[in-house]
Amino acid sequence: MKEEFSRTALLLGEDGISCLSSSRVAIFGVGGVGGYVAEALARAGVGALDLIDKDDVSVSNINRQIIALHSTIGQYKVDVAAARIKDINPDAVVNVYRTFYLPETAREFDFSAYDYVVDAIDTVTGKIQLVLQAQAAGTPIISSMGAGNKLDPTRFEVADIYKTSVCPLAKVMRRELKSRGVKKLKVVYSKEPPMTPNVSNRENGKQVPGSISFVPSCVGLIIAGEVIKDLTGIRNEQ
């Protein structure tokens with residue numbers, strides 16, 4: 001076992017480390033939430049990570065995204081994340097896709113090749129397609145609900161989509177997934193009512209949500225924890 005993961009092995013055991021090193025996880029969306037998922041999974045020793053995102057790093061990402069630095073502005077997010085992962089674990093296999101996941105691009109991905117799928121994208125149509133494609137392949141998936149306009153990271157929790165409330169995005173997902181016969185979906189969401197931004201900032205006619213450093217990072221780490229615990233089957237239920 002590599003020394004880098006010796007402290008993790010004290011919690012998960014060598015079998016847990018071996019399980020993670022042989023696992024392949026796809027992360028759709030490598031921004032505020034997804035970037036922290038990728039970071040945590042790499043540091044836990046997940047052996048193969050697929051990163052899917054078409055965006056490049058912008059100045060406005062610096063307040064909340066782990067890959068966003070003045071030195072990385074203009075670079076593809078997946079490329080920056082891949083470089084970080086390889087610096088953390090040179091043995092990791094990292095596949096990058098400079099594309100947005102949408103129903104139109106779904107055929108580019110073979111979900112049967114993944115041990116787990118992380119949904120950290122923003123578009124409802126893409127999120128629904130991710131769930132349907134993962135379900136069809138029998139691949140576990142966890143989905144991030146709305147993290148924008150939130151200030152209390154302690155309010156986030158893990159639940160089935162049909163047990164959620166308050167979150168506007170979760171409400172839409174419940175309705176759309178129910179109409180498509182989806183019986184369950186693990187999500188991370190918050191019951192904190194969204195704040196109204198103090199300043200108007202509109203793009204393509206829509207108000208841009210506010211965000212802060214400590215909220216999407218917490219959501220990403222919660223998601224990474226669920227992935228690791230589900231892959232290894234190790235949970236502390238005390």
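**Cavity, pockets and a surface patch**

In this predicted model, there is one cavity of 30 Å³ or more.

User: What makes this space a cavity, and how much space lies in the largest cavity?

Analyst: A cavity is a set of points where a 1.4 Å probe fits but cannot get out. The largest cavity holds about 40 Å³ of space, and the name applies because a probe placed there cannot get out.

User: Why is one residue in the lining of the largest cavity counted as polar?

Analyst: The lining divides into five nonpolar, one polar and two charged residues. Gly-35 is part of that lining, and Gly counts as polar under the classes used, so Gly-35 falls in that class. Glu-39 and Arg-84 also belong to the lining; Glu and Arg count as charged, so these residues fall in the charged class.

User: Which elements supply the lining of the largest pocket, and how do its residues divide by class?

Analyst: At least two residues come from each of α2 (32-44), α5 (168-179) and β9 (206-207). The most come from α2, with three. By class there are 18 nonpolar, 20 polar and 11 charged residues.

User: What lines the second largest pocket?

Analyst: This pocket, of about 270 Å³, has 14 lining residues, with Pro-140, Ile-141, Lys-184, Leu-185 and Lys-186 nearest its centre. Helix α4 (residues 124-137) gives the most, with three residues. Seven of the lining residues are nonpolar, three polar and four charged.

User: Why is Ile-62 called partly exposed?

Analyst: Its relative accessible area is 30%. Buried means under 20% and exposed over 50%, so a value in between is called partly exposed. Ile-62 lies in the loop between β2 (48-52) and α3 (77-88).

User: Which residues form a nonpolar surface patch with Ile-62?

Analyst: Val-59 and Ile-73 form the patch with Ile-62, and together the three have about 220 Å² of accessible area.

Terms used
Residues numbered from 1 in each chain as written. Predicted model: local features only at pLDDT ≥ 70, side-chain atom pairs only at ≥ 80, totals over all residues. Heavy atoms only, no water. Patch = residues over 30% accessible without salt bridge, like charges linked within 9 Å, V, L, I, M, F, W, Y side chains within 5 Å. Areas by Shrake-Rupley, 256 points an atom, 1.4 Å probe, with all protein chains shown as cover. Salt bridge = Lys/Arg side-chain N within 4 Å of Asp/Glu carboxyl O. Helix = DSSP H or I, 4+ residues; strand = E, 2+ residues; numbered from the N terminus. Buried < 20%, exposed > 50% of the residue type's maximum accessible area, 1.4 Å probe, protein only. 1 Å grid on protein atoms, 1.4 Å probe; cavity = no way out; pocket = protein on both sides within 12 Å on 5 of 7 lines; lining within 4 Å. Points joined across faces, edges and corners; volume = space filled by probe spheres on them.
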